[in-house]
Protein chains: 2
Amino acid sequence: MSRIAIDAMGGDKGPREVVLGTVQAHEKYPDIELILVGRAEELEPLLAEHGDKAKGIKVVHASEVVSMEDSPMDAIRGKKDSSVNRSVNLVATGQADAIMSPGNTGAVVASATFQLRLLKGVRRPGIAVSIPTSRGVTMVIDVGANVYPKPEHLCQYAAMAGVYSHLIWNVEKPRVGLLNIGSENAKGTGLVRQVHEQLSRSNLNFVGNLEGYDLWDGNYDVIVCEGFVGNVLLKVSEGLWPALLKQVSKSLKKHMGESAGEWTKAISELLTRYDYAEYGGAPLLGVNGICIICHGSSEAKAFMNAIRLANDCVGMALNKCMQEAVHAAGFDQAGEGSTA
Amino acid sequence: MSRIAIDAMGGDKGPREVVLGTVQAHEKYPDIELILVGRAEELEPLLAEHGDKAKGIKVVHASEVVSMEDSPMDAIRGKKDSSVNRSVNLVATGQADAIMSPGNTGAVVASATFQLRLLKGVRRPGIAVSIPTSRGVTMVIDVGANVYPKPEHLCQYAAMAGVYSHLIWNVEKPRVGLLNIGSENAKGTGLVRQVHEQLSRSNLNFVGNLEGYDLWDGNYDVIVCEGFVGNVLLKVSEGLWPALLKQVSKSLKKHMGESAGEWTKAISELLTRYDYAEYGGAPLLGVNGICIICHGSSEAKAFMNAIRLANDCVGMALNKCMQEAVHAAGFDQAGEGSTA
């Protein structure tokens, strides 16, 4: 039975939505121990609204809240008793097995790096998201933890996400691609050219550069990129699904009239298939612990799925395998893992 | 009557497709003077296949071809008699009014910068694409000309694309957004924070940071970003439309059966609306001339539309207005335009 610390204060929609997702997860996965972290005076009444359904969910008080405007340093130094810091602390001190947070991403990354430290040989953590493609799921790393990456960071991401793809998505020998602005080896910035060279020489199943439009064909299990680029890629895609589906609905209605009500079923099936909420959160890979980050705008269903994902990760030797993979690929740095 | 120099050798599909697009443009816009540049021994037989339809299209011989593998410097120094260089040279020497090229983007940018020079006060050219959104057209600049931008480059792009949006898309006071990984002012890299500050102080209609999912709501007329990021954004989006529409078709067929053949009409209408080929090419803004870049993988229709766009640009005081706008925004650098 795993124990999940849930940062209840960070979501854009406020604690009510996080509490709702937690209660739903509690009903669906009663064996998982759920610990809501945040202002007890707010969380307890919200839990009480759910009556017996919320029985067994714990609350750990944290007096402060990190806002989206706080810088990562403000958050970890200035608001020591924030729900983010307290949640991470529960894992750091062995009182929980995983953290789930919809809060300020920078603050979560900083707090987790600072309190949990990094896996041996890993220099920076990266956020990996699972994106549905026409043929399965592609992991994209990094989507915003690290906006000043060095070549070795991206190489380590490749090794870690490969392990994740193998353990979580059952991919035998994950195909790793490097996101670039052309398929030729010499394309792109100095950073990506160096990463290309290092990945080519490694034991990973590196299949080379890819361009943006190759994302959807399912030819890659892991795609490596800078945090800024990955963040834009993710959000552009997330915005495009609903925009296009709205257009399709409008267009169908025009051509087929209300009589063709069947299309709604088709559209909603697609919405589910491509709904990122189904995939829950995104793991922060490289920290010495399990940390799942959700969108700030997540709704209850996304929180519930993120809790399930955190639980899945706890049950696997994910971090041990990732550390070994970084070493085996020759990407570990001399000495202990460090935040420097 | 404008004169368009067409780099016929650069496309991924070979000169046949470029010639076809040129012949189609010639039929549709007989007043435009079209000059195909490339190996005469290849181009002339291809033109001859079209018989009288191709009458009036000129051929200018260029003995060399820049491949996608050539670096920009190889292309402009090592292959002086390439179709790219010769096309640009026709404009530089007053023998044509605009260039259209589907070739190696880096080579086109380098050749145009080197031979045409830059507008006064402009430091780097940028490629601007027009992206259809739910409420109109958004210009994104840069999508790959400049992968090492400085803050002043992005600010100049904002001013230039604002003029383009005004003249080509008739937007009265273009709303300029800065692509970032969060909406808060302090988010992102040092580069985007500096650009944010400079745009805020300028006379442009700067409305602040946006995130990837804000792209599709049509709240911005101009979106400024680094070349690497813009290139990924563009190609991810281009790949996603057909991927999703394929899924929608499959899903509709499953739910509605063949009887619901009407949906094909709706889908194909959408494909047209969001077909980038409809928008032709992307202008390289900042060079002292008109230069339209197409996808290497373009088909005849895209070439035809790029030719129309080049012709539209020639008819306007685009470069003069852009130079004035860069100056009025306080973004011009001391001294003459320079490639340094």
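The model is predicted: local features need pLDDT of at least 70, side-chain atom pairs count only at pLDDT 80 or more, and totals for chains, interfaces and linings use all residues. Residues are numbered from 1 along each chain as its sequence is written, chains are lettered from A and ligands numbered from 1 in the order in which they are written, and side-chain values use heavy atoms, with hydrogens and water left out.

In chain B, eleven strands form an open sheet of mixed pairing, in the order 3-2-1-4-11-10-5-6-9-7-8. Helices (H or I, at least four residues) and strands (E, at least two) are DSSP runs, numbered from the N terminus. Two strands pair if DSSP finds at least two bridges between them. The edges of the sheet are strand 3 (58-61) and strand 8 (206-210) of chain B; each has a single partner strand, so one side of each is left without a neighbour in the sheet. From one strand to the next, the twist averages 30 degrees. Strand 4 (residues 98-101) and strand 11 (residues 290-293) of chain B pair in the parallel sense over four bridges, and Ser101(B) has Ile293(B) of strand 11 as its bridge partner. In a regular strand the side chains alternate between the two faces of the sheet.

Strand 2 and strand 3 of chain B also run parallel and are joined by four bridges. Val37(B) stands opposite Val60(B) of strand 3 of chain B. Helix 2 (residues 40-48) of chain B lies across strand 2 (33-38) and strand 3 of chain B, at about 165 degrees to strand 3. Axes are lines fitted to C-alpha atoms, for helices over the stretch in contact, and angles run from 0 to 180 degrees between N-to-C directions; contact means heavy atoms within 4.5 Å. Strand 2, helix 2 and strand 3 of chain B make a right-handed β-α-β unit (right-handed if, with the strands pointing away from the viewer, the path from the first strand over the helix to the second runs clockwise).

In chain A, the axes of helix 1 (residues 15-28) and helix 2 (residues 40-48) come within 10 Å and cross at roughly 50 degrees. The two helices of chain A are therefore oblique to each other (angles under 35 degrees count as roughly parallel, over 145 as roughly antiparallel, 65 to 115 as roughly perpendicular and the rest as oblique). Their crossing is right-handed (left-handed if the near helix is turned anticlockwise from the far one by less than a right angle, right-handed if clockwise). Helix 1 of chain A contributes Pro15(A), Arg16(A), Val19(A) and Val23(A) to the contact, and helix 2 of chain A contributes Glu42(A), Leu43(A), Leu46(A) and Leu47(A).

In chain B, the axes of helix 1 (residues 15-28) and helix 10 (residues 300-314) come within 7 Å and cross at roughly 50 degrees, which makes helix 1 of chain B oblique to helix 10 of chain B. This crossing is right-handed.

Two cis peptide bonds are reported next. One joins Ile141(A) and Asp142(A), with omega about 15 degrees; Asp142(A) is in the loop between strand 6 (136-141) and helix 6 (151-169) of chain A. Another joins Ile141(B) and Asp142(B), with omega about 15 degrees. Asn170(A), although not a glycine, has a positive phi of about 60 degrees.
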